[in-house]
Amino acid sequence: MYNKKTPYPKLLILLMLLFLASLMAEQEVASNIEARVGERIITTEQLSNELSRISQREENDRLSYLQRRELALQTLIHEELLYNYAVERGVTVTGSELDDYFRAVYGDHERVTTDGEFDDRKYQELKRRPEIRRLLNDLRRDLMIDKAEAIVRNMFQYSESNLIDRFFLENTELDLSYVLMDKEDISIPFLVDPMEAYDYFEANSYQYDSVRELNISFFVVPFELMREKAASMEITSEHVEQYIDTAGVDLINELLLELNASLPLDSIDVYIDKDRELRTFLHNQDSLKVFNEISKRITAERVNELAYLEAQNSVSRIQSRLSVDYEMITLSIADSPHDRLNPPLFRKSTLLPMIARLEVGEYSQPLKIDYGYMVAVINEDLNNNFKLPPNLARQVWQDFVRFERISRQETELRELYALGLDDYTVPAIYVTRVVVDKKEIFDKEIGNDELYRFYRQNYSLIGQDEEAISFEDLRPEIKEQYFEIKIDEVNDWVEQHIYEIGRELLQVDSNRYLPGVEASNQLVYLESLPNTDHINDLIKEDMEAMPQTGVQSLDNEDYLVYYIVNSWFTEYLAGYSELKGYLYRRWTEEIDVSEADYKEYYEAHQRHFVSADSLRLAGLFFPWQDFVEPVTEAELRNYYGERQDHLFTEHQAVIEYVRVYDPELAKRGLINELKTWIEDGIDLPLLQSTIGSKSIVLDSAQDYSKRYLMDNGLSKGQLVVANSLLPGKLADELEKLSRSETSGTFYYNDSWYFLKKIRGLEPEKASYLDMRWILREELIRERAESKAHQLATNAFVDVTSVKGLDFYPDTLFVFTTEKKNANSEFGPLGDITGYRPRLLSLRRNERLNTIYANEDGFGIVFCLEKTLGHPMDFEEAFDDVRESLHADLRTENAFNYGRYLRSLVISGVDPHELLIFWGGWHIESNLTFNGTIPGVKYSRQIIENAAQGSEGDVSHIIRNREGEYLFYRLDRKEGVSMECYTREKDEFRETVFRTDFERWLNDYGHRIGIEIF
């Protein structure tokens, strides 16, 4: 009997096999794709062929494999871009054009020639062959690419005058000087002469612990240079005997101990008085040991004597106008060993007074320091010119402006206080607070031994079997657990001692208890009035949430905060002196502006005052972190094997670098001198000893991988040490340098840098061990994201209405948000910026028509409720109107005062003295068209505009960054001659085209899309 069901299993198996085969074929094709340009792909075979062609060119011999591969890939991408553009523009190639192109390229080939002449009959016969048809298709493609490039070239037509302007601009060298001003420092509603701030400082200098400032020069004769000479001087037994003759009791005592003498110490005095017996005792020891020990001491004394004499002789040579072999360093110091402006070398109380007692032009006697003998001379007593230390200038200016404002408004402020007594009577608490800076815990470098010891003692806390995974593999988890325990220890310590700290607060320095601790008694307002700092605001919020007694703790991003309430005031009247600053802010923001002004501003900008859109959302969200699973070593090795051909170490280099992150050193102009000293080969330990190793880092380092450089910025005040990673800006500067080349000075992240490239290192294939941790994180995340995405996809199919959320089997992934501003973050969805327009277009209970994705996971989203923004009336918009108007007034005041300062510079006032309050007048020399100005965002535009001006021109006020303004002066402008342009015109025209052509290619690539696999 015929069974109808029999064929179906075989058919299903066949279909499944065909599906798997097609899937494998797709995967194989995908694995051979190197890049996608628009809809076109570049295969591994194409890349290999192009790489072979590039490698055959002699000019590419010096390129590494990775560089040649990159060049080959970029060449193919550029060709595909031009071919795509040719198709887009409808470019065609006729048959006759193709035949002519073939004759031009292959016309002399033996297969298409007869007696040395091109034979059209042979050519027509060859055209029937498949390989020749493929060749002609390639030639057709090449012709279309050439035509596309010709079209693009015609876009860039350069007139003679335009080319001349561009040539002279790009070959002009400038000297610029400029000032960077904080908006808040110059947002002043009245014009006041900055020179009056000097008078204010002189009258109130006692508040700033001001000291005399000196400009000095000095050189150092290092002990190290004298060691070889001292070691070459013979030491005889007579020298040893003489040393014993002159040795004092303490020295003989020390010597006997180092030689392991058995003589009781209390009998040394007896032997000191009996030379013969002492020598007998010493000579009865191991004579060679005695001789060697004393020889070392004699040599050390000779090094000291030789360095001292050399320092004296060098002074004589300088005074006789002869050259010396030691670098003379010039800098400014304060006549106080405690002044924080001074480099560490000049904070020694025994050194500075000796220098300060000198007359201007007088050289000191050689002064012994750890490094050698220093000789110093005072060049100038800066108090004769500048009475204000640069490190105090900004603070003095802010105090002076505050004093001016309050003195001009004192009567009004007191009236304002008297009228608002009810407003200034608020609940308040008096607390003892202890603030622990987390940087003292987390920024501390943990030694490998300490971390390993912690691991051996606490591996059970990490949740791992000690023998299962190695210490190196567990290092991140160990470090995290180490810090968690450290925080617990700090919590326990502070809770035990906070009462003791509170009792002794006024008598002792709280830092003696624990590094990073700041303890103080504070008054905290619980309503309306502003507190003294944000930590008191945190305490206020904590008390508002739940008033409590006893020791309370807060965990801030930067601090651990502990506090206890000592007193509680239900009605505390804040005094005038406590509120003076608050009152004068109210004066400047409220009393100077009438309600009519607010209404006028509202009417002029009414279209800007619109209420925010709001949304209430619900849905399912699957965080990929919830689906993380461990991977085995075998899986990790397989993953590496699949990708190893694409894993290379990045561009690396051995470098020497300097970072100055002490803003005061930079303000004093030391950065340019530093660069000169380094380039001239100053002794590096001397430089660090002079300037201070905590302000300037000078080091050699290698193996800086650019993959990790891009996002690893360095915070202000953080040390750069060997084997750390440079931030992206430094990596970019490094790539521009040739071997042994030194960079210019450049600004990044509140610091000034320059670096020297010792040599480059060739990239090579990354080993499994190098990539293990990176690949492990990639594979774990890839798998977790895949599972989360699959669950979101399934939910997208299953849950088509809001009611479906009530029946979803795993409520852990269901979320509902409150109705809130559409610019806010929405629970697990986070910032919805990319999806906001689509969400706002949904109807009530409608679902987003795509899977929602962010860096944390995937989900589906329903709009439960929405309210679109509407124009606000004056009362509704008042807070926004007030904030906007005062922001505009501050900006207007800042521009007005900036223009006033600019007019003073134009009139001839010394900008170095005038602008000291805003960081000083900076000077940048030898700037070119492609140069950068430290700290200035729009360097290129400024240099370009300045190059079109005349020497002495002063710019208008320019907005640099948010809250920062500048103006500059063109001090020098030096260009090239017309003869130079005539000589280089053709080459320059082609260079300009290539630059513009590359820019066009990049823009076009962004438009159609480029993806590199």
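**Helix crossing**

I started with α6 and α35, whose crossing is right-handed. The model I am reading is a predicted one. I noted the contact residues next: α6 contributes Glu 149, Val 152, Arg 153 and Met 155, and α35 contributes Glu 990, Phe 993, Arg 994, Phe 997 and Trp 1000. I then looked up the geometry: the axes of α6 (residues 130-155) and α35 (residues 978-1008) come within 10 Å and cross at roughly 110 degrees. Angles of 65 to 115 degrees count as roughly perpendicular, and α6 and α35 are therefore roughly perpendicular to each other.

**Charges over rings**

I went back to Arg 153 and found that this residue lies over the face of Phe 993, at 3.8 Å from the ring centre. Arg 153 and Phe 993 are both on the contact list for α6 and α35. I also recorded Lys 820, which lies over the face of Phe 826 at 5.6 Å from the ring centre.

**Aromatic pairs**

I looked up the aromatic pairs and noted a count of 34. One of them is Phe 219 with Tyr 326, a stacked pair with 6.1 Å centre to centre and 15 degrees between the planes. I placed Phe 219 in strand β6 (residues 213-222) and Tyr 326 in the loop between α15 (287-319) and β7 (329-334); the pair links distant parts of the chain, 107 residues apart. Phe 219 and Tyr 326 are both buried.

I then checked Tyr 598 and Phe 878. Tyr 598 has 5% relative accessibility and counts as buried, whereas Phe 878, at 27%, counts as partly exposed.

I listed one aromatic cluster as well: Tyr 198, Tyr 200, Trp 397, Phe 400, Phe 403, Tyr 897, Tyr 900, Phe 917 and Trp 918.

**Positive phi**

My last entries concern backbone angles. Most residues other than glycine have a negative phi. Asn 845 is not a glycine, yet has a positive phi of about 65 degrees. I found Asn 845 in the loop between α31 (836-840) and β21 (846-847), and it is partly exposed, with a relative accessible area of 40%. Asn 926 also has a positive phi, near 60 degrees. I located Asn 926 in strand β24 (residues 922-927); Asn 926 is partly exposed, with a relative accessible area of 47%.

Technical notes. Residues are numbered from 1 along each chain as its sequence is written. This is a predicted model: local features need pLDDT of at least 70, side-chain atom pairs count only at pLDDT 80 or more; totals for chains, interfaces and linings use all residues. Side-chain values use heavy atoms; hydrogens and water are left out. Rings of Phe, Tyr and Trp (its six-membered ring) pair if their centres lie within 6.5 Å; planes under 30 degrees apart count as stacked, over 60 as edge-to-face and the rest as tilted. Helices (H or I, at least four residues) and strands (E, at least two) are DSSP runs, numbered from the N terminus. Buried means under 20% relative accessible area, exposed over 50%, partly exposed in between (1.4 Å probe, protein chains only). A charge sits over a ring if NZ of Lys or CZ of Arg is within 6 Å of the ring centre and within 35 degrees of the ring normal. Axes are lines fitted to C-alpha atoms, for helices over the stretch in contact, and angles run from 0 to 180 degrees between N-to-C directions. Angles under 35 degrees count as roughly parallel, over 145 as roughly antiparallel, 65 to 115 as roughly perpendicular and the rest as oblique. A crossing is left-handed if the near helix is turned anticlockwise from the far one by less than a right angle, and right-handed if clockwise. Contact means heavy atoms within 4.5 Å.
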